[in-house]
Number of protein chains: 2
Amino acid sequence: MAKIRQRKNSTRKETIIETAARLFRERGFSATSMRDLAEQVGVEAASLYNHISSKAEILQELCFKVANKFMSHIDTVDAEDIPAIKKIEAVLRFHIQQMVHHYEEVYVSDREWKHLTDPYLSNIQTQRRVYRQRIASIIEEGIRKAEIKKIDAPTAVLIMLHAVSGIESWHRSKEKISGEILEENMITILIGGLQNK
Amino acid sequence: MAKIRQRKNSTRKETIIETAARLFRERGFSATSMRDLAEQVGVEAASLYNHISSKAEILQELCFKVANKFMSHIDTVDAEDIPAIKKIEAVLRFHIQQMVHHYEEVYVSDREWKHLTDPYLSNIQTQRRVYRQRIASIIEEGIRKAEIKKIDAPTAVLIMLHAVSGIESWHRSKEKISGEILEENMITILIGGLQNK
DNA sequence: TACCATAACTAACATTTGTTACCAGTTAGT
DNA sequence: ACTAACTGGTAACAAATGTTAGTTATGGTA
């Protein structure tokens, strides 16, 4: 009973959240109404509340799911015993792959987190700051070991992270090159730009 | 009479549009109400309509102002007789400078153009597509002349343009490096990433 | 069969939204 | 001094918003 309830509940909830992710990406969080969402799910607006507790909760789930994913990935990368530039490459590749394969949720959580409200907003802001700082630290290590050009590390982080969010344009473009080729191109340019020749 | 009327009108209108640009950046277009805007201007919401004709018009003015600026800049750059990689550098530097000095309007027009409605929406979409294509063409010329690495030109454009939009983080960061140093760092990484060594 | 959680519906709510109509005070040119 | 434009305010609007209350059909479990 409990088992079925949970399974049914979560699949339905997941449908709603996935649909919301798509709408939030297309129109933005604020410009998406619960009635828009309901229509896409194929249900009345009020019925959504059998599965979620508020519009805000949807955004929270999306943002924290993505934040956790990136946080735990950088944990494993940072634990490896490889050159700093390889760590940066691994992080970058992960970002690219996530943007290619989990476009909606990654993009939304990156663009719409500002609409979170306060316990969650501060939390996400802190997580984002910490995350960028960890990448910056790796870059600085790479600079010390002369693997990476002498540049301002926060600027490098800013370029990296925003460049991958440009994969949105790739998704919407007509003649898409493959995800793998996209990845190699981005790595060539960005790692090539960081690396000490 | 007409002269004075126009001058007064436009300064007040400009104030409104500048204030709107700031709010649209902070909260997004949809999440900014005319009453929010009015409060920041120091006036009642209805009074705004003595100067502008709709909320949509504000976004239109912002988007087309910025689009025209970038379009006419690439015109002049493209007319010059310099290597392709130098053209790309000039375009990139212009983007960086605009993001540093005209943050609000540039950022807003880049992020919120999706909320335009249809005659304007199609127009802006076309302009953006054309603009990216022109940069891609310059890059392809650079690749043919072996000034630039053999990469997918649209991907390079995507990286360039989105990387500069990351200057938003720079604006909000506590310990800002100077705008000039930011520019040099970004050029180092991005042009370094494109250039054939 | 009786029961109960699930998940859908309809109706309604209090706010908030963009916008309009109308009015009043100030300013500037004749 | 008179007029007209400019710029503000108040009141109100219809529509849209997120959300709640209450009801009903369904399908699995005791």
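## A loop residue to start from

Let's begin with K145(A), which sits in the loop that links α6 (118-144) and α7 (153-165) of chain A. This is a predicted model, so everything described here is computed from predicted coordinates. Is K145(A) buried or exposed? K145(A) has 12 other C-beta atoms within 10 Å, and because a residue with 12 or fewer counts as exposed, K145(A) is exposed.

R93(A) and K145(A) are 52 residues apart along the chain, and their C-alpha atoms are separated by 22 Å.

## Chain A as a whole

Stepping back, chain A has 9 helices and 0 strands. Read from the N terminus, its elements run α-α-α-α-α-α-α-α-α. Along the principal axes, the C-alpha atoms of chain A fill a box of roughly 60 × 40 × 30 Å.

Chain A has 197 residues, of which 34% count as buried.

## α3 and α4 in chain A

Now for a helix pair you can pick out in the viewer. Helix α3 (residues 55-79) of chain A packs with helix α4 (residues 84-101) of chain A at an angle of about 155 degrees, and their axes are 10 Å apart. Angles over 145 degrees count as roughly antiparallel, so α3(A) and α4(A) are roughly antiparallel to each other. The crossing in which α3(A) passes α4(A) is right-handed.

Which residues make this contact? From α3(A) come H73(A), I74(A), V77(A) and D78(A), while α4(A) supplies K87(A), A90(A), V91(A) and F94(A). By class, the residues of this contact of α3(A) with α4(A) are 5 nonpolar, 1 polar and 2 charged.

## α3 and α5 in chain B

Over in chain B, helix α3 (residues 55-79) also meets helix α5 (residues 103-112). The axes of these two chain B helices come within 9 Å and cross at roughly 105 degrees. The range from 65 to 115 degrees counts as roughly perpendicular, and α3(B) and α5(B) are therefore roughly perpendicular to each other.

On the α3(B) side, the residues are L59(B), L62(B), C63(B), K65(B), V66(B) and A67(B). They meet E105(B), V106(B), V108(B), S109(B) and E112(B) in α5(B). The contact of α3(B) with α5(B) divides into 7 nonpolar, 1 polar and 3 charged residues.

## How the two chains are related

The same surface serves both copies, since 100% of the contact residues of chain B recur in chain A.

## The contact between the chains

Chain B and chain A each bring 32 residues to their contact. On the side of chain B that touches chain A, the elements giving two or more residues are α7 (153-165), α8 (167-172) and α9 (179-194) of chain B. Which of these gives the most? That is α9(B), with 10 residues.

Sorted by class, this side of chain B has 16 nonpolar, 13 polar and 3 charged residues.

Definitions and conventions:
Residues are numbered from 1 along each chain as its sequence is written. Chains are lettered from A and ligands numbered from 1 in the order in which they are written. This is a predicted model: local features need pLDDT of at least 70, side-chain atom pairs count only at pLDDT 80 or more; totals for chains, interfaces and linings use all residues. Two residues are in contact if their C-beta atoms, placed from the backbone, lie within 7 Å. Helices (H or I, at least four residues) and strands (E, at least two) are DSSP runs, numbered from the N terminus. Ala, Val, Leu, Ile, Met, Phe, Trp, Tyr, Cys and Pro count as nonpolar, Asp, Glu, Lys and Arg as charged, and the others, Gly among them, as polar. Axes are lines fitted to C-alpha atoms, for helices over the stretch in contact, and angles run from 0 to 180 degrees between N-to-C directions. Angles under 35 degrees count as roughly parallel, over 145 as roughly antiparallel, 65 to 115 as roughly perpendicular and the rest as oblique. A crossing is left-handed if the near helix is turned anticlockwise from the far one by less than a right angle, and right-handed if clockwise. A residue is buried if 20 or more other C-beta atoms lie within 10 Å of its own, exposed if 12 or fewer, and partly exposed in between; C-beta atoms are placed from the backbone.
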